[in-house]
Amino acid sequence: MAQYVGAIDQGTTSTRFMIFDRSGTEIGRHQLEHRQIQPRSGWVEHDAAEIWENTLKTIAVALADTGLAASDLAAIGITNQRETVVLWDSATGTPVAPAIVWQDTRTDYLVAGLDEELLRERTGLPPATYFSAPKIQWLLDHTPGLRDRAVRGEVLFGTVDSWLIWNLTGGALHVTDVTNASRTMLMNLTDLDWDPELLGLFGIPRAMLPEIRSSAEVYGTAGTVLPGVPIAAAIGDQQAALFGQTCFEPGEAKCTYGTGGFLLMNTGTTPVRSSHGLITTVGYRFGDQRPVFALEGSIAACGSAIQWLRDQLGVLDTAGDSETLAGRVDDSAGVCFVPAFSGLFAPYWRPDARAAIVGLSRFHTAAHITRAALEAICYQTRDVVEAMAQDSGTVLDCLQVDGGVTANALCMQLQADILGVPVSRPAVAETTALGAAYAAGLAVGFWASLDDLRANRHEDRRWQPSWTPARRADGITRWRAAIDRSLDWVNLTEEGPR
């Protein structure tokens with residue numbers, strides 16, 4: 001009998017395959033980065049073929065390194081970067097254009113004229129370049145003949161989960177799950193199906209769209225390097241982390257710090273409409289059960305702010321050096337860094353904003369700027385936590401955290417200080433992959449119930465707040481002044497250079 005479950009975790013910067021046992025313990029993994037293609041300012045692209053090739057490699061190496069065979073896996077789950085758009089030829093499986101990544105802002109002129117009330121009512125989402133629909137529209141508008149081919153079903157659209165499932169099954173399945181569909185700006189939250197009016201609004205043919213399924217069910221079986229293994233889950237990365245953190249009850253929340261930052265709160269089986277700049281999204285759905293909804297605050301830049309210091313400014317050799325460098329000073333000495341490289345997401349939704357470092361003098365060093373970057377991650381999270389408390393009526397007494405940035409102990413201490421509540425990191429930090437594995441395992445009976453998953457969760461470390469209320473208030477005031485200075489930098493009224 002198979003004793004393990006696998007998870008494909010396809011993220012913004014890398015793809016990994018992880019293997020877990022019944023206790024939720026990691027047995028093995030392999031990870032590969034893929035190229036970040038930035039042909040113009042504001043454009044971010046991936047090569048979908050490269051992502052698929054890396055997926056195959058990570059699976060093969062992880063199995064080889066652990067001495068396991070495909071038959072040792074009871075199922076696999078897929079979790080993925082959300083909103084990123086892949087279009088491919090339905091006959092050959094060849095991508096017809098670069099994948100446009102969720103961070104890409106080329107569609108700002110399309111988004112500027114959208115009806116926010118309509119979109120929030122139908123989809124739970126505000127108009128933003130973040131989501132998939134305007135990216136699809138842009139590709140159909142700017143690639144000669146592509147829309148006609150899409151009408152005939154010759155070109156398919158999918159978020160990355162759809163792309164991987166299509167390839168894993170040799171083109172037999174063109175499906176997505178409700179969590180990924182809820183991020184396209186095309187799915188109606190009421191009936192969990194593609195909305196005809198929104199398809200017309202964006203000029204997107206229904207023939208190119210995948211079938212919407214639940215987050216955990218056996219879609220089919222894989223071929224290639226996993227012959228016969230059930231593909232039993234697909235779930236967007238942040239919803240997967242919510243599930244991996246075992247936030248199964250309304251009011252429970254987690255924050256994942258990766259390339260961006262994403263705070264989700266379980267709101268139960270009734271969607272909560274936000275009036276404070278958050279997103280209403282599907283948290284997960286299992287089989288034919290009622291869907292569970294979530295409030296989400298999406299932050300465009302967390303880990304990417306540290307990457308920018310490393311790659312563009314050259315003040316860090318590795319992302320891990322940020323903790324050491326920032327630790328050389330006691331505070332940022334009045335410097336604020338607003339990392340609005342792709343505009344500001346929740347709760348501001350200001351695509352016209354751009355990154356700014358304010359408060360500099362001759363006194364300041366790279367250490368102060370780096371510490372300000374860590375503080376920015378935490379202040380952005382606080383903004384979302386405050387909005388979530390206003391929308392939900394629930395005040396967090398502890399923030400559950402995961403993701404790569406949680407390895408930075410100084411950043412997590414700053415998060416506790418800036419929030420004024422404890423911050424808890426689980427023993428298994430890779431909760432995105434774990435959540436996909438949990439969903440797949442539940443679908444095939446590898447785990448019997450949610451109680452089995454709760455029993456697997458153990459705390460690794462907890463940070464307690466140490467700032468005085470006065471220091472916290474001063475920092476918040478300075479942060480909000482810096483936000484004001486980052487706004488109105490981009491004119492969104494016209495289509496930019498192509």
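Predicted model: local features only at pLDDT ≥ 70, side-chain atom pairs only at ≥ 80, totals over all residues.

Reader: What makes E2 and E3 paired strands?

Author: Pairing asks for at least two bridges between the strands. Strand E2 (residues 14-20) and strand E3 (residues 26-33) are joined by seven bridges, so they count as paired, and they run antiparallel. Within this pairing, threonine 15 of the chain faces leucine 32 in E3. The hairpin has five residues between the strands, and glycine 24 takes a positive phi near 80 degrees there.

Reader: Why is glutamine 245 called buried?

Author: Buried means under 20% relative accessible area. Glutamine 245 has 0% relative accessibility, so the label applies. You will find glutamine 245 in the loop between helix H9 (237-244) and strand E15 (253-257). Leaving aside neighbours within four places in sequence, the residues in contact with glutamine 245 include Lys254, Gln400, Asp402 and Thr431.

Reader: How do you know that the side chains of glutamine 245 and arginine 457 make a polar contact?

Author: The cut-off for the N or O atoms is 3.5 Å. The side chains of glutamine 245 and arginine 457 are joined at 2.9 Å, which is within that limit, and the pair is listed as a polar contact.

Reader: On to the rings: why is the pair of tyrosine 130 and phenylalanine 131 called tilted?

Author: The structure holds 20 aromatic pairs, by the way. In this one, the rings of tyrosine 130 and phenylalanine 131 are 4.7 Å apart centre to centre, with 35 degrees between the planes. Centres must lie within 6.5 Å, and planes under 30 degrees apart would be stacked, over 60 edge-to-face.

Reader: What makes phenylalanine 131 and tryptophan 349 a pair?

Author: Their centres are 6.2 Å apart, within the 6.5 Å limit, so they pair; with 35 degrees between the planes, this pair is tilted too. The pair links distant parts of the chain, 218 residues apart: phenylalanine 131 is in the loop between helix H3 (116-123) and helix H4 (132-142), and tryptophan 349 in the loop between strand E19 (336-338) and strand E20 (356-358). Both phenylalanine 131 and tryptophan 349 are buried. They belong to one aromatic cluster, whose members include Trp102 and Phe262.

Reader: How do you know that arginine 106 lies over the face of tryptophan 43?

Author: The distance limit is 6 Å from the ring centre, with a further limit of 35 degrees from the ring normal. Arginine 106 is at 3.8 Å from the ring centre and is listed as lying over the face. Arginine 40 also lies over the face of tryptophan 43, at 4.8 Å.

Conventions
Residues numbered from 1 in each chain as written. Heavy atoms only, no water. Helix = DSSP H or I, 4+ residues; strand = E, 2+ residues; numbered from the N terminus. Buried < 20%, exposed > 50% of the residue type's maximum accessible area, 1.4 Å probe, protein only. Polar contact = N/O pair within 3.5 Å; in protein donor to acceptor, adjacent residues only side chain to side chain. Contact = heavy atoms within 4.5 Å. Phe/Tyr/Trp six-rings, centres within 6.5 Å; stacked < 30°, edge-to-face > 60°.
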